[in-house]
Amino acid sequence: MPQQGQWQVRAYPHFRPLYHIEGDPGRSADGLFDRMAAIGAHEIIVETPNHSRTFTQLTDEEIQRVLDAYALRISDLKRDARFKYVAVFKNQGPQAGEEWPHSHSQLAATTFVPRRILYELRAAREWYRDRERCVLCDILRQEIRQKQRIVDNVGDYYAFCPYASRVPYETWIMPKTHNHQFEAASPGENRRHLATLLGRTLRRLLQVTNSYHMVLHTAPNTLQTKGELSDYWATIAGDYHWHFEILPIIETRSKSYSIKEVYFNGTLPEQAAEKLRQMDPGK
Ligand SMILES: [Zn+2]
Ligand SMILES: [Zn+2]
């Protein structure tokens, strides 16, 4: 980001990228499988120039700069029609496969929509088709009404433990005001509030575990208007709703395990939310 003096947040190409930006996707039907070259962009977003500070030690202003950097890089990469999805994620802590200790996030632009996102997009589209409402707006409205699974709230943003939590203390963060694209802030949106809530939530979770995955789910790239995607995303602005999913990694060998996307979670989200609410969010 352009700043006077020392840099604050920086994006670099990953030194050992999963994807490369050059070339043509070369998608061709190959029997049952689509063979695709590993085209894409894989970047590291360094969150602070200070090697010893962790994400949860950053100020709200610094966290907001990181969020703004996510938005800038996503918007930039979405200008390339070859990229169908831009994922932002953060692996924090030794059990999350963190690659090196300096605080960072990663960004991957891919020529396909990752499978888990695709499932979610399809479910949201079907819900919208039946009810003409956004499923995530519906979920959050219900959570706010019931209060049991809400962890915290700052301005328009809410943190809650989702009803079907896959792991203990799974927490989602999203705005109450509907918006399908994280990178395109809606009028009146205040990312400082989001930064504050994210910091508070992660400092709570830190009291449960030092390792987590954080993934931003935002709308796919709708730049491609021909072929398969032309009507596929026709209702995307109404049916999808961006959110962060935070998946803490807790060593409870016998209590939590996953087999092929079927999750058994021994901690009820209501209990997790209750405990998190009672914890000190810091600052
Ligand atoms: Zn919504
Ligand atoms: Zn999601």
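Reply: Strand S9 is mostly covered, with 5 of its 5 residues buried. The model is a predicted one, and the description below applies to that model.

S8 pairs with S9 in the antiparallel sense, over 4 bridges. In this pairing Tyr157 stands opposite Pro175 of S9. S9 also pairs with S11, again in the antiparallel sense, over 3 bridges. Here Ile173 has Phe244 in S11 as its bridge partner.

The sheet as a whole is open and is formed by 9 strands, in the order S1-S4-S6-S5-S10-S11-S9-S8-S7, with antiparallel pairing. Its edge strands are S1, residues 10-13, and S7, residues 150-154, each of which pairs on one side only. From one strand to the next the twist averages 20 degrees.

Elsewhere in the sheet, strand S4 (residues 40-46) and strand S6 (residues 104-110) are joined by 7 bridges in the antiparallel sense. Within that pair, Ala41 stands opposite Ala109 in S6.

A helix also belongs in the picture. Helix H4, residues 191-205, packs on the sheet and touches S7, strand S8 (157-160), strand S9 (171-175), strand S10 (212-217) and strand S11 (243-248). The direction of H4 makes about 150 degrees with that of S7.

H4 in turn has a helix beside it. Two packed helices are described by the angle between their axes and by the distance between those axes. For helix H1 (residues 60-78) and H4, the axes come within 8 Å and cross at roughly 110 degrees. H1 is therefore roughly perpendicular to H4, since angles of 65 to 115 degrees count as such. The crossing in which H1 passes H4 is right-handed.

The residues that meet there can be listed from each helix. H1 contributes Asp60, Ile63, Gln64, Leu67 and Asp68, while H4 contributes Arg191, Arg192, Leu194, Ala195, Thr196, Leu198 and Gly199. Sorted by class, this contact of H1 with H4 has 5 nonpolar, 3 polar and 4 charged residues.

Definitions and conventions. Residues numbered from 1 in each chain as written. Chains lettered and ligands numbered in written order. Predicted model: local features only at pLDDT ≥ 70, side-chain atom pairs only at ≥ 80, totals over all residues. Pairing = 2+ DSSP bridges. Helix = DSSP H or I, 4+ residues; strand = E, 2+ residues; numbered from the N terminus. Axes fitted to C-alpha atoms, helices over the stretch in contact; angles between N-to-C directions. Contact = placed C-beta atoms within 7 Å. Buried ≥ 20, exposed ≤ 12 C-beta atoms within 10 Å, placed from the backbone. Parallel < 35°, antiparallel > 145°, perpendicular 65-115°, else oblique. Left-handed = near helix turned anticlockwise from the far one by under 90°. Nonpolar A, V, L, I, M, F, W, Y, C, P; charged D, E, K, R; others polar.
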